[in-house]
Amino acid sequence: MYQIQKELNRYHLLMASKSCLFFSFFTLILLISLVSHPTSAHRLLKEEKLSGFDFLKHLQGCHKGDKVKGIHNLKNYLHNFGYLSYKNQSHSADDDFDDLLESAVKTYQLNYHLNVTGFLDSETVSKMIMPRCGVADIINGKTRMESGKKSGHHDNSTSFHTVSHFSFFPGNPKWPASKYALTYAFLPGTANQAMNPVSRAFKTWAGNTHFRFSRVQNPRDADIKIGFKSRDHGDGNDFDGRGGTIAHAFAPQDGRFHYDGDEPYAVGATRGAYDFETIALHEIGHLLGLHHSSVEGAIMYPEISTGVTKGLHRDDIQGIQVLYNV
């Protein structure tokens, strides 16, 4: 009986040792796997650090004739903002820096007053990765942002000859003359702290145009609807998470204006946050019919930075007056 018990103890000890060995081996394999292949959560964290358009940074120095991994992302960027379109879609997905891409880069450089080389230099990359409005710079093949007034403008108040760089959407869509009193409403979920800055932006535009704006409570009754959206939100103009595109609005008489809900916002110039009112001034310009301007000081300039505030520029006011002939 003692011998049987002894054998049973040896058997249990052996099985326990095997179990421990198996567990240690499994743990070792798991640790190796984690080191060699980061988990999805870890990959997502790494991707979050590459915010906005930072994926373009490693393409600095690329030029025609290069084949570099990631050039297809540059093609997608330029396609989204109206600079590039391929008849053969297979070329849009490859990593070849071809003639069409060089031409698109040159047009981008022209619009942003950079050296027009077609070469992806540091200045061009620095400009491309800046946060910006999600509305394309070029729509339906229009090649320049300076299309609203091609000739010089004589300002009688200063006697200086200045050049205007505002532009309009294709076809110059605008609100009819009978529709100068516009209503706006906030969609459910809009941050309370955004409402007063947006209302101030409407007042600023009212003070420089023939328009009058009034707030209504029900969005169904409003000409203009303001809200916060994220990623794919059903209007065909997806947001991209933190950084990248910050907001967008549509030409008259659509009336939709969306902030990207994944971005940090604040009232006034706050480090690391976008000013509600500055963004609203830009997007209301779109709602009234202004497209982008190549004047960096203009509110209709496409790029939007954190920690700053901007107001209407002479170029913005001239643009809206020309569009509505007032």
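How many aromatic pairs does the count come to? In this predicted model, the count comes to 22 aromatic pairs, and the views below begin with one of them.

**View 1. Tyr 77 and Phe 81 form an edge-to-face aromatic pair.** The ring centres of Tyr 77 and Phe 81 are 5.0 Å apart, and their planes stand at 65° to each other, an angle that is over 60° and therefore counts as edge-to-face. Tyr 77 has a relative accessible area of 3% and is buried, and Phe 81, with 3% relative accessibility, counts as buried too. Both rings belong to one aromatic cluster, whose members are Phe 53, Phe 55, Tyr 77, Phe 81, Tyr 83, Tyr 108, Tyr 112 and Tyr 301.

**View 2. Arginine side chains lie over the faces of Phe 81 and Phe 250.**

View 3. The crossing of helix 3 and helix 5 is left-handed.

**View 4. Helix 7 and helix 8 form a right-handed crossing.** Helix 7, made up of residues 192-206, and helix 8 have axes that come within 8 Å and cross at roughly 50°, which makes helix 7 oblique to helix 8. Helix 8 runs over residues 276-288, and its 13 residues reach 18 Å from the first C-alpha to the last, close to the 18 Å expected at 1.5 Å a residue. Helix 8 is mostly covered, with 13 of its 13 residues buried, and it is followed by Gly 289, whose phi is positive, near 120°.

**View 5. Ala 266 and Gln 193 are separated by 73 residues in sequence and by 8.0 Å in space.** The distance in space is taken from C-alpha to C-alpha. Ala 266 is found in strand 8, which covers residues 265-266, and it is buried, because its relative accessible area of 10% falls under the 20% limit for that class.

**View 6. His 113 and Asn 172 have positive phi values.** Most residues other than glycine have a negative phi. For His 113, a residue other than glycine, phi is near 55°, and this histidine lies in the loop between helix 5 (99-111) and helix 6 (122-128). For Asn 172, likewise a residue other than glycine, phi is near 50°; the asparagine is found in the loop between strand 2 (160-163) and strand 3 (181-186). Asn 172 is partly exposed, because its relative accessible area of 40% lies between the 20% limit for buried residues and the 50% limit for exposed ones.

**View 7. A cis peptide bond joins Pro 252 and Gln 253.** Most peptide bonds are trans, whereas omega is about 0° for the bond shown here between Pro 252 and Gln 253. Gln 253 is found in the loop that lies between strand 6 (247-249) and strand 7 (256-260).

How values were computed. Residues are numbered from 1 along each chain as its sequence is written. This is a predicted model: local features need pLDDT of at least 70, side-chain atom pairs count only at pLDDT 80 or more; totals for chains, interfaces and linings use all residues. Side-chain values use heavy atoms; hydrogens and water are left out. Helices (H or I, at least four residues) and strands (E, at least two) are DSSP runs, numbered from the N terminus. The expected span of a helix is 1.5 Å times one less than its number of residues. Buried means under 20% relative accessible area, exposed over 50%, partly exposed in between (1.4 Å probe, protein chains only). Rings of Phe, Tyr and Trp (its six-membered ring) pair if their centres lie within 6.5 Å; planes under 30 degrees apart count as stacked, over 60 as edge-to-face and the rest as tilted. A charge sits over a ring if NZ of Lys or CZ of Arg is within 6 Å of the ring centre and within 35 degrees of the ring normal. A crossing is left-handed if the near helix is turned anticlockwise from the far one by less than a right angle, and right-handed if clockwise. Axes are lines fitted to C-alpha atoms, for helices over the stretch in contact, and angles run from 0 to 180 degrees between N-to-C directions. Angles under 35 degrees count as roughly parallel, over 145 as roughly antiparallel, 65 to 115 as roughly perpendicular and the rest as oblique.
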